[in-house]
Amino acid sequence: LNKDSFFGVRVKASEALRKIHTEEALEALCASLQQSDARARYAVVSDIGKFFHPRAMSALLKCISSEKNTLIVSTAISGLGAYHKPEVHDLLLKYL
């Protein structure tokens, strides 16, 4: 997921990890947030958002604070919708 030069391969790898849906797959996705191509980064963030796990929530919060691409930020925000935590609530209000 981090080494292939073609973004399409990285997008498919991200999708495959989402379908595997284990803690190891989530860790691999979280370790892959620093994609050079926005399309691959979008896929990784979107796929992390399909996990309901504290590590996924943490990765999405981190993404929102550092990402410049507004589509990716909005995807991360969507992924946080299922979490009923004060920090998520405050962040969602900030982006309204």
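In helix H1, four residues are buried, namely Gly8, Arg10, Ser14 and Leu17; buried here means under 20% relative accessible area with a 1.4 Å probe, protein chains only. The model is a predicted one, so local features need pLDDT of at least 70, side-chain atom pairs count only at pLDDT 80 or more, and totals for chains, interfaces and linings use all residues. Residues are numbered from 1 along each chain as its sequence is written, and side-chain values use heavy atoms, with hydrogens and water left out.

Helices are DSSP runs (H or I, at least four residues), numbered from the N terminus. Among the things covering the buried part of H1 are helix H2 (23-30) and helix H3 (38-48).

Next up is Gln35, which sits in the loop between H2 and H3. Gln35 counts as buried because its relative accessibility is 6%. Setting aside residues up to four places away in sequence, Gln35 touches Leu1, Asn2, Arg10, Ala40, Arg41 and Val44, where a contact means heavy atoms within 4.5 Å. Leu1 is 34 residues away from Gln35 along the chain, yet their C-alpha atoms are separated by 9.0 Å.

Terms used
Buried means under 20% relative accessible area, exposed over 50%, partly exposed in between (1.4 Å probe, protein chains only). Helices (H or I, at least four residues) and strands (E, at least two) are DSSP runs, numbered from the N terminus.
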